[in-house]
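This briefing covers the fold, charged pairs, ring contacts and pocket of one protein model. The structure comes first.

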Amino acid sequence: MRGLGAFLARGRQAHQELMGESLRLYRQGEDVFDRDTGTTVPGPQITLYGPGPGRVKPVAQATGTEEQAGEREVLLRDYEVALPWSAELPPGVRVLAGDRVEVLASQDPRMPGLILWVTAAQYSGTATAWRISAEDRS
């Protein structure tokens with residue numbers, strides 16, 4: 001098992017070197033109605049990770065699906081988000097569907113500001129990165 005540990009450590013370091021984006025993983029709180037203004041305001045955001053390194057890449061076979069959202073069509077595209085294998089969450093917290101990943105900085109100038117919605121998180125003791133499935137709902 002000692003050989004496997006060294007191999008995984010090298011793989012995790014190499015994968016982290018590929019992480020060209022700065023990301024923030026967060027949970028959006030429920031909207032709150034403000035009686036004074038008569039408007040609904042977004043609830044608080046709870047940061048689960050970041051800002052920190054990560055990698056966002058489209059899932060090659062994902063062509064996107066059209067969905068109805070209110071009165072407009074939304075195209076859903078699938079992405080894989082990779083965070084360092086050692087990334088920690090607050091104690092007792094797990095990533096849930098509906099959490100969000102915000103791209104803060106990237107070598108691709110079109111990516112900062114992109115918000116991805118988490119659909120699933122994968123866990124593995126022998127992975128080189130922590131992988132999260134997400135979708136772009138724009």
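The points below go from the overall fold to individual contacts.

The model is predicted: local features need pLDDT of at least 70, side-chain atom pairs count only at pLDDT 80 or more, and totals for chains, interfaces and linings use all residues. Residues are numbered from 1 along each chain as its sequence is written, and side-chain values use heavy atoms, with hydrogens and water left out. The protein chain has one helix and nine strands. Helices (H or I, at least four residues) and strands (E, at least two) are DSSP runs, numbered from the N terminus.

**Fold and burial**

- Read from the N terminus, the order of elements is α-β-β-β-β-β-β-β-β-β.
- Of the 138 residues in the protein chain, 30% are buried; buried means under 20% relative accessible area, exposed over 50%, and partly exposed in between (1.4 Å probe, protein chains only).
- The peptide bond from Gly50 to Pro51 is cis, with omega near 0 degrees, and Pro51 belongs to strand β4.

- Glu17 is part of helix α1 (residues 2-17) and is exposed, at a relative accessible area of 61%.
- The C-alpha atoms of Glu17 and Arg55 are separated by 9.7 Å, while the two residues are 38 residues apart along the chain.
- Ser86 sits in the loop between β6 and β7 and is exposed, with 53% relative accessible area.

**Salt bridges**

- Side chains of opposite charge can pair when their charged atoms come close.
- The structure holds six salt bridges, where a salt bridge is a side-chain nitrogen of Lys or Arg within 4 Å of a carboxyl oxygen of Asp or Glu.
- One of them joins the side chains of Arg24 and Glu102, at 3.1 Å from N to O.
- Arg24 is in strand β1 (residues 21-28) and Glu102 in strand β7 (residues 100-105), so this pair ties together parts that are 78 residues apart in sequence.
- Arg24 and Glu102 are both buried.
- Another salt bridge is formed by Asp99 and Arg27, with the closest N and O atoms 2.7 Å apart.
- This pair links distant parts of the chain, with Asp99 in the loop between β6 (72-84) and β7 and Arg27 in strand β1, 72 residues apart.
- Asp99 counts as buried because its relative accessibility is 2%, whereas Arg27 is partly exposed with a relative accessible area of 23%.
- Lys57 and Glu80 also form a salt bridge, their closest N and O atoms being 4.0 Å apart.
- Since Lys57 lies in strand β4 (residues 45-58) and Glu80 in strand β6, the pair ties together parts that are 23 residues apart in sequence.
- Lys57 is partly exposed, at a relative accessible area of 34%, and Glu80 is partly exposed as well, at 23%.

**Charges over rings**

- The charged end of Arg12 sits over the ring of Trp85, 3.4 Å from the ring centre; a charge sits over a ring if NZ of Lys or CZ of Arg is within 6 Å of the ring centre and within 35 degrees of the ring normal.
- Arg94 lies over the face of Tyr123, 4.6 Å from the ring centre.

**Largest pocket**

- The largest pocket holds about 200 Å³ of space; a pocket is an open set of points on a 1 Å grid over the protein atoms alone, where a 1.4 Å probe fits, with protein on both sides within 12 Å along at least five of seven lines.
- Grid points are joined across faces, edges and corners, and the volume is the space filled by probe spheres set on the points.
- The lining has 13 residues, of which Trp85, Gln122, Tyr123, Ser124 and Trp130 lie nearest the centre of the pocket; lining residues have an atom within 4 Å of a point.
- The lining divides into nine nonpolar, two polar and two charged residues; Ala, Val, Leu, Ile, Met, Phe, Trp, Tyr, Cys and Pro count as nonpolar, Asp, Glu, Lys and Arg as charged, and the others, Gly among them, as polar.
- Trp130 is found in strand β9 (residues 129-136) and counts as buried, at 8% relative accessibility.
- The C-alpha atoms of Trp130 and Trp85 are separated by 4.8 Å, with the two residues 45 residues apart along the chain.
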